[in-house]
Amino acid sequence: MMTRRITQLLIGLAMYGISLAIFIRAGLGLDPWDVFHQGVSEKTGFSMGVVVIAVSFLVLLLWIPLRQMPGIGTIANAILVGLFADLGLWLIPEFSHLGGQIAMLAGAVILNGIASACYIGARLGPGARDGLMTGLVRRTGWSVRLVRTGIEVVVLAVGFLLGGSVGVGTVVYALAIGPIVQVLLPKFMVPERPKATAPTEIVEAAPAA
């Protein structure tokens, strides 16, 4: 079971990083966090993957006051998504034809949804950004919708001001990713191992005199 979980985690994170590269090459806008990552990349000159990794570990520092504990999937997420994003950007060419851009955007959204369901379903720890959201929800008592929306509005606005790409892809991602993950997650969710039960003592009745 653990072999399956780790394999599924690694495949999911690889696909997630590649999907990020496809989003960028499509040139039609990114999801809020990646608008931020791209903006930081534009201002600092660091590659997109390096920025994704650096931001992941900075966000993990915010877990400390929230008393969140990372899993092995959390650390793998922080490192591998950025590495595969840079690999994808190296392999995938830019598209200037609108038809090709739309096809790439659609493929990126679908691949990202599959990747998300894959690594979440492995149950080896949330990503740094998701953990920040759940930690704030737990500590503040606010709703998931409020906390997630607040975080994403802030990073989207900052990323846009830094030069990140906001466009139709941003809207498509926001509307499509939730339903895609909801449909796919049950197919990728690794079942929990049933808890061991204590052996039942069988007491044999003494024969009647």
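**Entry 1: burial and overall form**

I looked up burial in the protein chain: 44% of its 209 residues count as buried. I note that this is a predicted model. I then read off the secondary structure, which comes to eight helices and zero strands. Along the sequence the pattern is α-α-α-α-α-α-α-α. The radius of gyration is 21 Å, well over the 17 Å that the globule rule gives for 209 residues, so the chain is more spread out than a compact globule. For the extents, I find that the C-alpha atoms fill a box of roughly 95 × 35 × 25 Å along the principal axes. I also checked contacts between residues at least 6 apart in sequence, and 81% of these join residues at least 24 apart.

**Entry 2: nonpolar cores**

Next I looked at the cores. The largest nonpolar core has 32 residues, and Leu9, Leu13 and Phe23 have the most contacts inside it. I find at least two of its residues in each of α1 (2–26), α3, α4 (72–91), α5 (98–121) and α8 (168–188). Helix α1 gives the most, with nine residues. I followed up leucine 9: leaving aside residues up to four places away in sequence, leucine 9 touches Gly73, Ala76, Tyr119, Ala122 and Leu124. There is also a second, separate core of 17 residues, with Trp33, Phe36, Val59 and Ala128 among them.

**Entry 3: α2 against α3**

I took this helix pair for a closer look. The axes of α2 (residues 32–44) and α3 (residues 48–66) come within 9 Å and cross at roughly 115°. I record the crossing of α2 past α3 as right-handed. On the α2 side, the contact residues are Trp33, Asp34, Phe36, His37, Gln38, Val40, Ser41 and Thr44. On the α3 side, they are Met48, Val51, Val52, Val55 and Val59. Sorted by class, this contact has eight nonpolar, four polar and one charged residues. Trp33 and Phe36 from α2 and Val59 from α3 are in this contact, and I had already listed these residues in the second core.

**Entry 4: glycine 100**

Last, I checked a single position. Glycine 100 is in helix α5.

Conventions: Residues are numbered from 1 along each chain as its sequence is written. This is a predicted model: local features need pLDDT of at least 70, side-chain atom pairs count only at pLDDT 80 or more; totals for chains, interfaces and linings use all residues. Side-chain values use heavy atoms; hydrogens and water are left out. Axes are lines fitted to C-alpha atoms, for helices over the stretch in contact, and angles run from 0 to 180 degrees between N-to-C directions. Helices (H or I, at least four residues) and strands (E, at least two) are DSSP runs, numbered from the N terminus. A crossing is left-handed if the near helix is turned anticlockwise from the far one by less than a right angle, and right-handed if clockwise. Contact means heavy atoms within 4.5 Å. Ala, Val, Leu, Ile, Met, Phe, Trp, Tyr, Cys and Pro count as nonpolar, Asp, Glu, Lys and Arg as charged, and the others, Gly among them, as polar. A nonpolar core is a set of buried Ala, Val, Leu, Ile, Met, Phe, Trp, Tyr and Cys residues joined through side-chain atoms within 4.5 Å. Buried means under 20% relative accessible area, exposed over 50%, partly exposed in between (1.4 Å probe, protein chains only). The radius of gyration is taken over C-alpha atoms; the globule rule is 2.2 Å times the number of residues to the power 0.38.
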